[in-house]
Amino acid sequence: MINHPVGRPAQPGPDATAPPPAADPRPAAPRAAGPGGAVRVGGAVPPALPARPARILVLLAAFVCAACGLVYELELVALGGYLLGDSVTQTSVVLSVMVFAMGVGSLLAKGLTRRPATSFALVEYALSLVGGLSALALYCGWSWLHRPQATAVLLIATTVLIGLLIGAEIPLLMTLIQRIRREHAGRAVADLFAADYVGALIGGLAFPFVLLPALGQAAGALVTGAVNAVAGAVVVLWLFRSEPTPRTRLLLWTGCGLVLAVLALAAACTGAIERAARHALYGGPIRFAAQSRYQEIVLTGDGPDASRVPAQRTPPPLELFLDGRLAVCGADEYREHEALVRPALAAGPSGRVLVLGGDGLALREVLRHPSVRSVLVVERDPALPALARRDAAYAALTEHAWDDSRVRLVTAEPMGWLRGSGGQFDVIVSDLDGEASGGRYRSAEFYGLAARRLAPEGRLAVRGGAPQGDLWTAAAGLAAVGLDTVPYQGGTPGGGPAEGCGRPTPAEAFLLAARRPPTLGLAADAPAPRSLTVPALRATAVRLSAARPDPLPGPHTLLGP
């Protein structure tokens with residue numbers, strides 16, 4: 001049954017037709033007076049406020065619930081890409097499974113509309129717990145299970161459960177609105193969806209700009225869950241408090257308190273849980289851990305100058321993890337950074353240098369060349385250069401490169417910055433992960449923007465990837481923008497044991513590109529590198545060039561595979 005207050009009857013919608021006369025000869029049931037003189041029609045329960053403010057309050061609840069629901073959805077998308085990699089796949093899986101589960105949840109909500117207020121409260125309490133605890137649960141599962149398949153199953157199961165609960169909200173809210181004031185269904189749906197969509201907008205903007213940088217994923221999800229629980233309690237335990245019996249109302253109050261208590265306890269334990277999970281995942285002492293707006297940054301190890309490590313023990317090397325991937329191994333990072341930077345600065349003028357990527361290690365190698373007059377570093381995440389300044393061991397690893405007067409830092413997304421107006425450079429060094437951000441930093445579009453910033457005799461040095469994988473796709477992308485390339489490897493050709501990070505020396509290859517075929521060499525006025533010699537560099541170039549496919553595979557593009 002649908003409620004309406006006593007007084008002028010609700011007007012039918014423009015498409016409504018007059019109902020046929022009643023044929024039931026039985027006398028009509030008496031109407032029972034509700035609180036404040038409102039009348040219960042057919043046993044339905046009126047709200048505790050007049051129709052207009054009650055309706056606004058329900059629409060406000062829809063707004064809040066939509067904002068919380070989108071935060072949960074974005075959190076699962078971010079966690080899927082962060083924990084399992086391949087962000088495009090994880091985004092597609094989470095969104096498609098979520099939408100499907102929402103449809104199923106809407107169908108299942110048909111059985112809950114007999115007592116919509118009580119059912120809405122229970123749905124919100126369950127959603128608060130599942131959504132609020134989802135980030136911690138998934139992170140712990142990923143840290144301790146050590147099986148990507150198990151993490152993927154847990155992610156999908158969480159997505160299904162959250163989707164079912166979100167899908168049940170709209171039918172229940174629609175029933176509550178119609179119980180406040182009977183009106184044309186089209187108008188009620190329009191108002192409810194407007195509140196829902198605006199709430200989704202606020203939630204979608206709050207996640208990357210407020211919750212993630214200020215609280216992180218775990219605490220942000222817990223706060224969202226608490227807001228969700230309060231929204232459900234306000235609608236039921238105050239606005240529609242006449243629907244549940246006194247005993248049910250007491251149970252609902254108790255349930256709300258328990259949900260908030262569980263979320264508060266989880267928030268209090270979040271730091272300890274994250275430390276234990278990170279220790280299980282990364283091992284060794286954790287020097288620094290933070291969730292920036294863009295990525296999780298974790299620095300582990302002691303470094304060679306850690307005074308608290310006994311002299312008879314070899315201290316664990318510094319390791320920098322970005323979103324769970326090992327980005328820097330302090331024991332042997334010099335191999336790859338020397339290989340990336342040194343040949344590029346030996347092949348021509350090198351007064352003006354652009355470094356894309358701000359961990360400070362490629363910058364260190366650039367600054368070892370006396371011919372360098374200025375270095376511009378473009379890094380999107382200000383937390384990464386800040387780490388090199390605040391941590392003594394990491395600053396020592398970079399040889400305090402950020403304190404050099406020749407260095408200027410620009411905080412910007414590298415590809416977007418390249419599109420802007422600016423000067424040209426003698427050398428551009430791209431120390432960016434080619435697999436990050438959907439592969440944009442190994443696309444032909446990225447290489448084309450970088451080529452526009454090269455001086456006539458300029459060189460571009462990039463990470464090419466594995467010789468049996470992305471190397472030749474990267475070479476094709478550079479060729480597509482008019483640059484000649486030479487492939488090479490650094491360190492020990494063919495790979496060898498790392499000095500302290502427990503993994504083999506990566507078989508990564510590099511590409512040196514210019515408008516004319518570049519020549520591999522090393523600068524005579526710079527200190528000799530630890531892992532490179534000119535004969536070894538040229539030998540790897542000959543070996544890799546002999547394996548060059550003809551024709552090259554198609555270049556990677558932003559719209560292509």
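## Salt bridges: a starting point

A salt bridge is counted when a side-chain nitrogen of Lys or Arg lies within 4 Å of a carboxyl oxygen of Asp or Glu. Keep that rule in mind as you explore this structure, which is a predicted model. By this rule the count comes to 18 salt bridges.

Here is one to look up: the side chains of aspartate 391 and arginine 287 form a salt bridge, with 3.0 Å from N to O. Aspartate 391 sits in the loop between α9 (383–390) and α10 (392–397), while arginine 287 belongs to strand β3 (residues 286–291), so this pair ties together parts that are 104 residues apart in sequence. Aspartate 391 is buried, at 9% relative accessible area, whereas arginine 287 is partly exposed, at 30%.

## Two further pairs and a network

Next, find arginine 55 and aspartate 191, whose closest N and O atoms are 2.6 Å apart in a salt bridge. Because arginine 55 lies in helix α1 and aspartate 191 in helix α5, the pair ties together parts that are 136 residues apart in sequence. Arginine 55 counts as buried, with 10% relative accessibility, and aspartate 191 is partly exposed, with 31%.

Now try arginine 463 and aspartate 431, which meet in a salt bridge of 2.7 Å, N to O. Arginine 463 is in strand β11 (residues 454–465) and aspartate 431 is in the loop between β10 (425–430) and α12 (444–452), so parts 32 residues apart in sequence are tied together. Elsewhere, salt bridges that share partners join Glu333, Arg342, Arg364, Glu365, Arg368 and Glu399 into one network.

## How α1 and α3 pack

Helix α1 (residues 51–84) packs with helix α3 (residues 116–145) at an angle of about 20 degrees, and their axes are 11 Å apart. Angles under 35 degrees count as roughly parallel, and therefore α1 and α3 are roughly parallel to each other. The crossing in which α1 passes α3 is left-handed.

Within helix α3 you will find glycine 141, which counts as buried at 12% relative accessibility. Its C-alpha atom is separated by 9.9 Å from that of alanine 152, 11 residues apart along the chain.

Finally, look at Val198, Leu201, Ile202, Leu205, Phe209 and Val210, which make a nonpolar surface patch of about 550 Å². One of these, valine 210, lies in helix α5 (residues 185–239). Valine 210 is partly exposed, with a relative accessible area of 47%.

Key. Residues numbered from 1 in each chain as written. Predicted model: local features only at pLDDT ≥ 70, side-chain atom pairs only at ≥ 80, totals over all residues. Heavy atoms only, no water. Patch = residues over 30% accessible without salt bridge, like charges linked within 9 Å, V, L, I, M, F, W, Y side chains within 5 Å. Areas by Shrake-Rupley, 256 points an atom, 1.4 Å probe, with all protein chains shown as cover. Helix = DSSP H or I, 4+ residues; strand = E, 2+ residues; numbered from the N terminus. Buried < 20%, exposed > 50% of the residue type's maximum accessible area, 1.4 Å probe, protein only. Axes fitted to C-alpha atoms, helices over the stretch in contact; angles between N-to-C directions. Parallel < 35°, antiparallel > 145°, perpendicular 65-115°, else oblique. Left-handed = near helix turned anticlockwise from the far one by under 90°.
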